[in-house]
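Hi there,

Here is the structure I promised to pass on to you. Have a look at it first, and then read on for what turned up.

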Amino acid sequence: MAVELSFSKEIENIMYASHGKPIKDCLQCGTCSGSCPAVEFMDNSPREIIGLISADFKKEVLASNTYWTCASCYHCSVRCPAGIDIADMMYALKRYSMWKGEFQEGLIGPEFSESFVKMIVNSGRSFEPLLAATYLPKFSARDIVQEGLMATGLVLSGKMPLLPKKVKRLKNLQRMVRRIIPIGETK
Amino acid sequence: MSEKIGVYVCHCGTNIAGIVDVADVSQWAGEKLAANGVVISRDYKFMCSSLGQELIQKDIQEQGLTRVVVAACSPHLHEKTFRNACQGADLNPYLCELVSIREQDSWVHTDKVAATEKAKAILSGGVARVEHHEALEPLRVPIHPDTLVVGGGIAGIQAALEIADAGFHVYLVEREPSIGGHMAQFDKTFPTLDCSACILTPKMVDVGNHPNITLLTWSEVQKVDGYIGNFVATIKQKARYVKIEDCTGCGICWEKCPKKVVDEVFEAGLGNRKVIYTPFPQAVPKYPVIDAPNCTYFLKGTCKACEKFCPTGAIDFNQQDEEITVQVGNIILATGYDLFDVRRMPQYGYGRLANVYTSLEFERLGNAAGPTGGNIVLRDGKTVPKAVGIVHCVGSRDQNYNPYCSAICCMQSLKFAHLVHERTGAEVYNFYIDMRTPSKGYEEFYQRLLEEGTHFVRGKVAEVTNLARIPEEEGKLIVQVEDTLIGKQRRIPLDMVILSAGIQARHDAKEVGKLFGISCSADAWYIERHPKLDPVATMTDGIYIAGCAQGPKDIPASVAQGAAAAARVLGKIQQKEISLEPVRATVIEEHCSGCRICNDLCPFSAILYLEDKKVSEINPALCQGCGTCVAACPAGAISGTGFSNEQILSQIEGLLLLNIRQLEAVPA
């Protein structure tokens, strides 16, 4: 019999293997949000996101840009007096959001994540020229020009290869990845 | 079977009867354990009630019971009750056994059938054991009427005065040159804003003048031997280099001393003192000490300015450390606390940013007798701050540092806010997580601060920095914090930041605890005998704790604990004699090989090695009957009274219901 899990329980389960303490240990002190260098671009501060999760406000959390804005500097995780790995929670929320296919419209994060994961599963390696080409056109023409200029520079200075490389025994990697994340079949 | 055993099964209301079928257990014992000597078996709603106890007493007298087994709660709770009941009916109290079918059965199980079976097994074990019990007499030892109080802060002062006023002698040992402790460093006390020195110094003077108090300052306890009623403490009196019988405390020596050093202890590093010094003007005793490691004479062999100018010739550079031993009956430890080292939180910038202060530094800054004469100014010594931030919970309520609440910081921070406001007119920001003001008059003080216009920002400060992002922040300290009540990150430019550092156990609390034979919690606070019902006693008889050594607390609570510990000691002194549990280990000399394995294992240092006989001997007054040595002895030469091998093995056999199974295995 399937048990309907609350949203907070689902997030707790996703974070079960996380190094930190469960988010229900949060005392709402605001150290995370006070330390966050990206908080001014976030719809909700990290502390508020924890509050929303605890209160099972799933819709509001999935509609928030907070975890897509996180710069993964880990200041919050290092300083949290309750020992919660908040940066890891941001990743958990990204995974959950992708899994459910629900996220704020117009964000670059979900598109990028999807392209990135597909590329890794398909070739075993990240290849920037192709990666940028898969998601950038949807956003801004100016960015494409800027990225293109930078890529040219990198290629000329020998920091970026022109042709993509693949790993050996790619099938094994793909089998492994499928065991870990529910990505379904990819071509 | 020569013994007549009575079995009593308690319902404890529904505590036991809710899970265990008490009537069934009682009936089963009456039938199945009859072969083991059970002549009567009853169940009763509350065995510990006076009616329950009378039931046992009546049976002892009428049925001639020689052993009693009560199946009820843990011996911690009611062993004494039932032993006393037996004694009341002229049965030796040690012939009564209490087995736990509540803590070890009904409270921890949900399966009623299995719990009932378990209760039967536990009871059977008790019955099998009690058969081997012996009648024991408690040990009587005299109580020495003198008391040792360690630590001369407000808790130790209060304890010493209470005992001395009651007419008994006290040795008060203090590590620093003067008593007074942390309270002597404060300017005002919350919430009444009494002048700290004004209320403390009369008590200090009382201690100094009291005929019943021997004050041993600049001294430390080195060694403690003995047991309740008969402790022998070895105390090291560090050399003062001042003959106290000649010194008048006139102060000429410290006026003339040419060398100044930073006073890291009393002035918290904010001020200087001379090398010959008393920590503060109202010091008790008034005699100064010479800080030998910094003294020019001890370093270079010349100077002696103090000796030249001393009008009574009291300086003696040849003084040596002395060891004295005192005999006492009881000991009170009031060793206080250390301030949390705020350098452990580099994000708050202490030591790097000049105008970030610790709470203790601010106490000295605001003190009329302090380095600035009570003027609240920045480190440059003249600028009056226009905006001051006070950070709560520094190092407290934080899994990375101290997980507990330090209890005093909220009120201390409110006091600071008031003093800053009153003396400088500056804008004051208090950064708090939760405001904790749970004592008499404390919430009213918080209300007063709200009315004074203090800015309260709910949020733990993320960092203190001097890196400006906008012109208004140039040259300021910026506190970056989320104001959680509006959900916005704020950067507040300030001139001064005070870190309300938490309090933690003394750095040497664990070693001191070991010296006195008491244990520490994970945070190194001394552990009380019971957290609610026995907060000043310890698991070691005759050793009491008071004040912050037991856990964070404020001045009223420290004074109350000092007085409470004194009351406990006075109670013991008035008994003149004390009876100790006869549950003790004894060495069978013929079996002892003298290997000494037990000597070092004994947590109470109760085992002595007799050089002449080449065997170990256990001091019965010191032994607490823990059984460590009994288990460790490779020759099985140590026996625990009340816990003999025979008793333990019988109890195990009883628990396994071996006796009954054997009976049932025999075909009828």
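Two residues are taken to be in contact if their C-beta atoms, placed from the backbone, lie within 7 Å. By that rule, 18 residues of chain A are in contact with 17 residues of chain B. Please keep in mind that this is a predicted model.

Helix 2 of chain A gives the most, with four residues. Sorted by class, the side of chain A that touches chain B holds eight polar, six nonpolar and four charged residues.

Chain A itself is divided into domain 1 (7-100) and domain 2 (108-180), and their C-alpha centres lie 27 Å apart. Four residues of domain 1 of chain A are in contact with four residues of domain 2 of chain A. On the domain 1 side, helix 7 (residues 86-100) of chain A gives the most, with three residues.

Now to chain B, where helix 3 (residues 75-88) may interest you. Its 14 residues should span 20 Å at 1.5 Å a residue, which agrees with the 19 Å between its end C-alpha atoms. B:H78, B:F82, B:R83, B:A85 and B:C86 are buried in this helix. Seen down the axis, the buried residues of helix 3 of chain B fall within an arc of 155°, so they line one face of the helix. On the other side, B:H76 and B:K80 are exposed. The cover over the buried residues includes helix 2 (50-63), strand 3 (67-72) and strand 4 (96-100) of chain B. Just after helix 3 of chain B, B:D90 takes a positive phi of about 65°.

Best wishes

Definitions and conventions
Residues are numbered from 1 along each chain as its sequence is written. Chains are lettered from A and ligands numbered from 1 in the order in which they are written. This is a predicted model: local features need pLDDT of at least 70, side-chain atom pairs count only at pLDDT 80 or more; totals for chains, interfaces and linings use all residues. Domain bounds come from an automatic or database domain assignment. Helices (H or I, at least four residues) and strands (E, at least two) are DSSP runs, numbered from the N terminus. Ala, Val, Leu, Ile, Met, Phe, Trp, Tyr, Cys and Pro count as nonpolar, Asp, Glu, Lys and Arg as charged, and the others, Gly among them, as polar. The expected span of a helix is 1.5 Å times one less than its number of residues. A residue is buried if 20 or more other C-beta atoms lie within 10 Å of its own, exposed if 12 or fewer, and partly exposed in between; C-beta atoms are placed from the backbone. The arc is that of the directions from the helix axis to the C-beta atoms.
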